[in-house]
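Here is a short briefing on one structure. Please read it alongside the sequence and the coordinates.

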Amino acid sequence: MVARLCDRNPATSPDVLIDQMVPPSTFDEVSFDSYIPDPDEPSQAEAVAKARDFVARASKARSGKKGLFSRKTQAQGIGLYLDGGFGVGKTHLLASIYHSMPEPKSFATFVEVTHVVGALGFVNAVERLSQHTVLCIDEFELDDPGDTMLVSRLLTELTAKGVSIVATSNTLPGQLGEGRFAAQDFLREIRKLSAVFETVRVDGPDYRHRDLPPAPDPRSESELAELAESTSGATLDDFDALCDHLSTLHPSKYKDLVEGVSLVCISGVHPAKDQSVALRIVVLADRLYDANIPVTVAGAKLDEIFTEEMLAGGYRKKYLRATSRLLALSRFAESAV
């Protein structure tokens, strides 16, 4: 019988969450040298230079500086913000910074950072992370006022303790939260966040879709079932059942949910019924992409999950990123079988 994600109920200990704050395995071997800037996009080479400089300055900030009587005092941490579209190599650069910095250090998506703080408690999270040289935050977004206040306070306290912060996003710091809540009510906090970072733009086309054919057509339900049965480590779930199961799990558990899976098969795919379902799919897509797990479906195409209304709203960039990643994983599935 084919395994189902719906039958998995992972239990993640809060104590191991910080230990899990490392780059996805697909970025284990990346470096500044392996990032190949597009010659038609000069901002990419400039971003590499800025990232290298950040490592040098952040390492110096962590080592402290001499005070009046030659005793070391804690220097302020510094910040770098890599802003750009999808698939221009921002995460590659972020992971390269992580690998270049001395231990201890941490790497997580923005959502994972908020989950860690929620699981450990703010004071405990600050205490644990304040020992690190750098906190690398991928896909930096603010979705609600609570996140704005939480992250603003977290980064303020960490940088004061000498932790440097580097983040990637496709939204400039001063525009975080636009279209999602009354940003003007939280302008002071957003400005505080913006002041932490030096912003570097990374331009270019999405490398995941350069010179690639359109997304594969969905399989038939029978073909999908046969593929799942014949593939070791594959899972097969009904789309609605999977969405319901995701609603019962804290998003911090999605990483363990797909641990060890070789192929994710989803039947009966159709447009998400509402925003809450869509946002859970975004988180799942990120965890699948981080783990490089191929995805294949029956029903609607993967680029039809997020409706036009959703794509016109405040979460547009999240949905576009998720679509980009799901399509990449679906092409991976086609080449792997």
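This is a predicted model: local features need pLDDT of at least 70, side-chain atom pairs count only at pLDDT 80 or more; totals for chains, interfaces and linings use all residues.

Residues are numbered from 1 along each chain as its sequence is written, and side-chain values use heavy atoms, leaving out hydrogens and water.

**Around Val 48**
- Helix α1 (residues 42–63) holds Val 48; helices (H or I, at least four residues) and strands (E, at least two) are DSSP runs, numbered from the N terminus.
- Beyond four places in sequence, Val 48 touches Phe 32, Tyr 35, Pro 37 and Leu 93 (heavy atoms within 4.5 Å).
- Tyr 35 is 13 residues from Val 48 in sequence and 8.0 Å away, C-alpha to C-alpha.

**Aromatic pairs**
- Seven aromatic pairs are counted (Phe, Tyr or Trp rings, the six-membered one for Trp, with centres within 6.5 Å; planes under 30 degrees apart are stacked, over 60 edge-to-face, the rest tilted).
- Phe 110 and Phe 140 form a tilted pair, because their planes meet at 50°, with ring centres 5.1 Å apart.
- Phe 110 is buried at 3% relative accessibility, and Phe 140 at 0%.
- Phe 306 and Tyr 319 are stacked: the ring centres lie 4.7 Å apart and the planes are at 15°.
- Both Phe 306 and Tyr 319 are buried.
- One aromatic cluster consists of Tyr 81, Phe 110, Phe 140 and Phe 197.

Notes:
Buried means under 20% relative accessible area, exposed over 50%, partly exposed in between (1.4 Å probe, protein chains only).
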